[in-house]
Amino acid sequence: MGTIKATEDRIKNFEEFHITGTTKEQQEQAARCMSCGVPFCQAGCMISGMTSGCPLNNLVPETNELVSKGNYEEAYKRLSKTHSFPEFTSRVCPALCEAACTHGYCDTAVTTKENEATIIDYAFENGLVSEVTPKIRTGKKVAVIGSGPSGLAAAQLLNMRGHSVTVYERNDRVGGLLRYGIPNMKLDKRTIDRRVKLMEEAGVEFKCNVNIGKDVKAKDLLKKYDRVILCCGASNPRDIKAEGRDAKGIYFAVDFLSEVSKKLMDNDYDSAKVMDAKDYSFGSLEGKNVIVIGGGDTGNDCVGTSVRLGAKSVTQLEMMPALPEERAESNPWPEWPRVLKTDYGQEEAIKVYGKDPRIFQTTVTEYLKDEKGNLKGVKTVKLESQLDKETGRRAMVPVKGTEKELKADIVLLAAGFLGSEDYVTKQFGVETDARTNVKTEKDSYATSVENVFTAGDMRRGQSLVVWAIAEGRKAAKAVDESLMGYTNL
């Protein structure tokens, strides 16, 4: 089965580190899928508030059967019936399909994600991948705001249907958080460029460096286009406020990761120039102590990136307790397994610094500054779960006497996102919910404003790439039906 490059090799650059298995291994894995009775892998349903199976409802057993027979061309055709961009999810998805795999109940799951990577790589290598250029245009125009996975998926299907689609992106390159929120070693940005080129050739227009709501007013956009889809993501980062927050040396994780990604692309993917760069806004990380606040995927990406940039030490603070190493009785299959995962960044930190960078049940109470206002450390406190008698909910509260000081030259805030940015939602006048996500009716993608739709993290809150693609596809269907009176998407 597939693996990843050895730690000592992969931390030398920003190249992708996943290695797919041999053809024989993958065909054997795919054949295992054929002994399944009930394919939970493709259900994509909610169980106990968590997704079980693929939100795209990929036809996993059918695709794996074709892989087991070595028929990769037909496997690609089958996969593309439900999936817009397998080249993205096969690299960055946490494999919800595998977590719900029936084999995983008593054995290891089938390597569906890895098989997906092989299918799409084979399809690109053999010229099988193309975007549909419609022979007839409907005369309808649609604007998609945001070029992340949901925006790209919506644009792909609406263009295929014959509508004229323009995608607006406020950054200098297409991709949204796919490009600027995920490090290159997980998703090489040339993979995005390859797909965007095909979409452009099929008629999709991309306009970068255009910030809707600032450079272009919403009312002008609504006059120009028949429909608008807001796919701006949940791009409002959560702050960790405490005394000393104004210290120099505190950065949001997404800004940190974006700057490194941009440097890599601007230097034609030359890792050496990126790792040796001294002109980052945060300066060189060599000899510096880095603290990452947040235990999720973004926090882990900050750890892996800091390791590559030569940090003296990296510590990752997580408010919640460490998850168990095995499923708890209260978390049975096929629920998403709430178990402790040591990701690639943490593995690299263990190799380089000799210990796990994570400190659980801990938060920052103060940022410490020197006389020049530069960050020099943080004060932390341990947390424990206590029941609030008034609300009946449990909360993490500080434990007296557990205060500590940690050295820190750089702090990266990776505590997630609060929802959509209000300068966009206010411009369009759309209703938002308590979490500042754009409000829609259940299973609907229409906003409170006529002809304005939404999809992805902007609608559902911070989530996964696979969910964003699924949302974009469903939003495209809703928009098409509103334009034409019916839809065949």
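Before counting anything, I noted that two strands pair if DSSP finds at least two bridges between them. Strands (E, at least two residues) and helices (H or I, at least four) are DSSP runs, numbered from the N terminus.

A note on the source: this is a predicted model, where local features need pLDDT of at least 70, side-chain atom pairs count only at pLDDT 80 or more, and totals for chains, interfaces and linings use all residues. Residues are numbered from 1 along each chain as its sequence is written, and side-chain values use heavy atoms, with hydrogens and water left out.

Entry: the sheet. I looked up strand 5 and strand 8 (residues 227-230), which run parallel and are joined by 4 bridges. A143 has V228 in strand 8 as its bridge partner. Both strands belong to an open sheet of 5 strands with parallel pairing, in the order 7-6-5-8-18. Strand 7 (205-207) and strand 18 (452-454) are the edges, each pairing on one side only.

Entry: the core. I took a nonpolar core as a set of buried Ala, Val, Leu, Ile, Met, Phe, Trp, Tyr and Cys residues joined through side-chain atoms within 4.5 Å; buried means under 20% relative accessible area (1.4 Å probe, protein chains only). The largest one has 40 residues, and V144 and I229 are among those touching the most other members. Helix 18 gives the largest share, 9 residues.

Entry: V144. What does V144 contact, leaving aside neighbours within four places in sequence? I found G151, A155, V165, T166, V167, Y168, I229 and C231, with contact meaning heavy atoms within 4.5 Å.

Conventions
Buried < 20%, exposed > 50% of the residue type's maximum accessible area, 1.4 Å probe, protein only.
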